[in-house]
Amino acid sequence: MPVQAFVFPGQGSQSVGMGRDLAEAFAPAREVFQEVDEALGQHLSKLMFEGPMEDLTRTDNAQPALMAVSLAVLRVLEREGGVDIRRDVALVAGHSLGEYSALAAAGALGIAQTARLLRLRGNAMQAAVPPGRGGMAALIGVGMDMARAASLCAEAATYTDEAGKAHKQIIEVANDNGGGQVVVAGEMAAIDRVIDLAKAQGVKRALKLPVSAPFHCSMMEPAAEAMRQALDATGINAPVVPVVANVTAAKVTDPATIRDLLVRQITGTVRWRESVDAMVAMGVDSFVEIGAGKVLAGLVRRINGDVATRSVGTPADIEAYLATR
């Protein structure tokens, strides 16, 4: 039997229409979408099904929406296919907001509770930095890793003004996605400099990402404080299977530690490559992406070509997955 990890996608996997076929095909999926709508006091599912994309991509909408699709898929697998996460899954993990989906999947958080936390998280992250002041860039190419990206950030952080005075700006590694892909975040002028430096040093691709704020860097400290207050008031259960945390790339089950790691995650690097390597070292040989899109399955394949991967996000995916059990 394969040793499975369920992994949950983050921002960037959203698309108009996501979840609609699930809602049409499965009552358990409709229940999840209704629960999220009621928790937020908003018809978020209508936005997911019909758009517009501009509104769905807003971080305060995208975060709970992506969680809703992931948990809808999981509930269908459980109710229609007899999947038992405690019995059938060794570990869970998620990319950025996907860590909240993973925690909800493992019973550490309730679905309504998670939706409200992600709405708050999205609002806090958006409010932390004025529009246009910060951004993110992807650095992609053979040999691109955390160390090289950190070196580029250190060089791009410093500039000299017209008077010859040196200044330092914030630019930090935000996501170590593996497979030669690292994302950096920080002040916009520093983002421009790191792109120029990367291109000058022969990095295959260096491009700004279409995001509204510099996530996972120290500029997000106001959002981390907002989440600290919210999480202090949130009951967290021990997950039924261990969660591999973004900021440590290690498994965690203690609720107090989970709470602390979720706060640190706002400003910390998403260590996805190390998380996948850690799960493989713990015996995982099959990664199942639960929810919208196929981004994480692709990243896992680039990190380790020896493990099995699949994405389960549509009724056809669910049918194909259950047929293999």
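**Helix packing, pockets and backbone**

User: At what angle do helix α2 and helix α5 pack?

Analyst: Helix α2 covers residues 27-40 and helix α5 covers residues 59-81, helices being DSSP runs of H or I of at least four residues and strands runs of E of at least two, numbered from the N terminus. The model is predicted, so local features need pLDDT of at least 70 and side-chain atom pairs pLDDT 80 or more, while totals for chains, interfaces and linings use all residues. Residues are numbered from 1 along each chain as its sequence is written, and side-chain values use heavy atoms, without hydrogens and water. The axes of α2 and α5, lines fitted to C-alpha atoms over the stretch in contact, are 8 Å apart, and their angle, on a scale from 0 to 180 degrees between N-to-C directions, is about 145°.

User: How many charged residues are in the contact of α2 with α5?

Analyst: Contact means heavy atoms within 4.5 Å. On the α2 side it includes Phe33 and Leu40, and on the α5 side Met67 and Arg75. Counting Ala, Val, Leu, Ile, Met, Phe, Trp, Tyr, Cys and Pro as nonpolar, Asp, Glu, Lys and Arg as charged, and the others, Gly among them, as polar, the contact of α2 with α5 has 13 nonpolar residues, no polar ones, and charged residues numbering five.

User: Which residues lie nearest the centre of the largest pocket?

Analyst: A pocket is an open set of points on a 1 Å grid over the protein atoms alone where a 1.4 Å probe fits, with protein on both sides within 12 Å along at least five of seven lines; lining residues have an atom within 4 Å of a point. The lining of the largest pocket has 14 nonpolar, 15 polar and three charged residues. Of its 32 lining residues, those nearest the centre are Gln11, Gly12, Asn175, Leu209 and Val211.

User: Which element gives the largest share of the lining of the second largest pocket?

Analyst: The second largest pocket is lined by 15 residues, with Met1 and Tyr321 among those nearest its centre. Elements giving two or more residues to this lining are α6 (85-88), β11 (286-290) and β12 (308-312). The largest share, three residues, comes from β12.

User: Where is Pro52 found?

Analyst: The peptide bond from Gly51 to Pro52 is cis, with omega near 10°. Most peptide bonds are trans. Pro52 is found in the loop between α3 (44-50) and α4 (53-57).

User: What is the phi of Ser96?

Analyst: Ser96 is found in the loop between β2 (91-94) and α7 (98-105). Although Ser96 is not a glycine, its phi is positive, about 60°.
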